[in-house]
Amino acid sequence: MNYSDDMYREIILDHVKNPRNKKKIEDERYLKAYLKNPSCGDDVLIYVLIEDDKVKDISYEVNGCSICVSSVSIMSELLIGETLDKALEIINNFNNMVTNKEYDEKLLKEAIALKGVANLLPRIKCATLGYKAFLKAIGKEDSNE
Amino acid sequence: MNREDFPMLKEKYIYMNNASTTFKPYAVLNAMNDYYMHYNANTNRGVDSLGYLVTTKFEESREKVAKFINANTDEIVFTRGTTDSLNLVASSFGKMILNEGDEVIVSIAEHHSNFIPWQMLCKEKNAKLVVVNTLEDGTVSPTLLKEKMNDKTKIVALNHVSNTMGGINNLKELSSVIHSYNAYFVVDGAQGILNGKVDVKDMDIDFYAFSSHKIFGPMGVGVLYGKSTLLEKMNPIMFGGEMMDTVDIECTVFKEHPYKFEAGTMMIPEVLGLGAAIDYINSIGLDKMHNYVLELKDYLIDKLKKIENIKIYNENTNSGIISFNIEGIHAHDIASMLDKKNIIVRAGYHCAQPLLDSLNIQASARISLAFYNTKEECDKLVEALMKASDYINELF
């Protein structure tokens, strides 16, 4: 096992134990979307605040496995502060990473910790649930299929 | 037991998901291949000896199924499986006898296939769906059932054995309560056909549904047992070839049961495979299989209890089904981690969302043993689970 694999595991474990931005939002300005993974029951309710075409804030409520929880937590940190266009580019790259296609590592930052999901085929849906919910919230749910 | 009879056991997996589906012995696979290789023809049509041979074998399978559950041959309808059978009862019998304001009782532990058809029927008929709670072991207590019954209750639909908790319902006692109110008893026997003993006459059951693929038979076929007097009254819901006596522009006369419920070309090799599966079970003995599974289950539970932070939901079960969680680790992560070691269990809500919701569990892991599992396999499972707290390492 090389150093970077251990690092990935630490990142995932950290996000599982201390998910970032996990909270319920009552603010009407936030876009909301709920998604459930029908095969396993994992679900996420995401809150997204868009201002001036930028992702101002993301938070969520989630019930799910380690991959689902860590992925949505990492995603929230990744996308906050980015323009919508950049956010879509990041999401596209994440989808590529977990389906063994070409992707830009630099864009994904901590999310590359989840690249092992590409070898855990039944769990890809867990890793992408948060991203799909984000797309649904901003009204672009089919754009990455 | 008998591991050499199952080709899948030569593969790398330690398979402990038998409540989902079971492996098939050579006897079943050969029966199906034999059909396609040596007497591939249709049943009942034409006057050829090949068709006659196929028809005879097909009906022999029906007889085997009838004997297996102590029913009459004409009370056995071949369907696509348990879900298909339960939907048939709901859409034909249920639709016929249910009126506005009537009540249908199901338990909180029902599999979606024995929950949703009744939910839909009640909506359609403006009837009331009543849900009875189960005891901790997933069974329905006859006393608690009685409390929910009244003169508006027309149908009670319950599982024989719960696919999550492995609790075995006392069908005879429940039937007695149900019939004392002149209601009908529909049983989801998907898990019960193997885990419990079925004698539909002694238990006085009105309808019993089960699937071939859960008793070492092929997928694609299942059974609906129905009391003769009830099947007689029921209208078919699928129409076409093979289910009618005479067809004319004005009117069609249906065949007698069970044939009126078997429209079109049936899944002939699958029916033959089911017959072979029953022969296979009888050659070993259902009791012998069951006792072995219980012994193995006791052995496994004993070892599981030593795992840190494990919560076993049904340790006193009399079936091969064990439901558990490990605190701090999501059930999917447990299952994924075991999967990496080629140990197959199930994690999720097991098509029984109402039950898991009521127990405040989002997902649980489920082990379901069969008579071909071994102590060594159980040891490997426990060894893997001991490392559960290290699951991120194990997963990636």
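In which sense do strand β3 (residues 103–107) of chain B and β5(B) pair, and over how many bridges?

Mentor: Happy to. A bit of bookkeeping first: this is a predicted model, in which local features need pLDDT of at least 70 and side-chain atom pairs count only at pLDDT 80 or more, while totals for chains, interfaces and linings use all residues. Residues are numbered from 1 along each chain as its sequence is written, chains are lettered from A and ligands numbered from 1 in the order in which they are written, and side-chain values use heavy atoms, with hydrogens and water left out.

Now, your strand. β3(B) and β5(B) pair in the parallel sense, over four bridges. Strands here are DSSP runs of E with at least two residues, helices are runs of H or I with at least four, and both are numbered from the N terminus; two strands count as paired if DSSP finds at least two bridges between them. To find one of these contacts, look at B:Ile105: its bridge partner in β5(B) is B:Val156.

β5(B) also pairs with strand β6 (residues 184–188) of chain B, again in the parallel sense, over five bridges. Here B:Ile155 stands opposite B:Tyr184, and B:Val156 stands opposite B:Phe185. To get from β5(B) to β6(B), the chain goes through helix α6 (residues 171–180) of chain B, in a right-handed β-α-β crossover. Right-handed means that, with the strands pointing away from you, the path from the first strand over the helix to the second runs clockwise.

How covered is β5(B) itself? Six of its seven residues, 153–159, are buried, where buried means under 20% relative accessible area, exposed over 50% and partly exposed in between, with a 1.4 Å probe and protein chains only.

Step back and you'll see the whole sheet: it's open, has seven strands in the order β2-β8-β7-β6-β5-β3-β4 (chain B), and its pairing is mixed. The edges are β2 (76–79) and β4 (128–132) of chain B, each pairing on one side only. From one strand to the next, the twist averages 20°; the axes behind such angles are lines fitted to C-alpha atoms, for helices over the stretch in contact, and angles run from 0 to 180 degrees between N-to-C directions.
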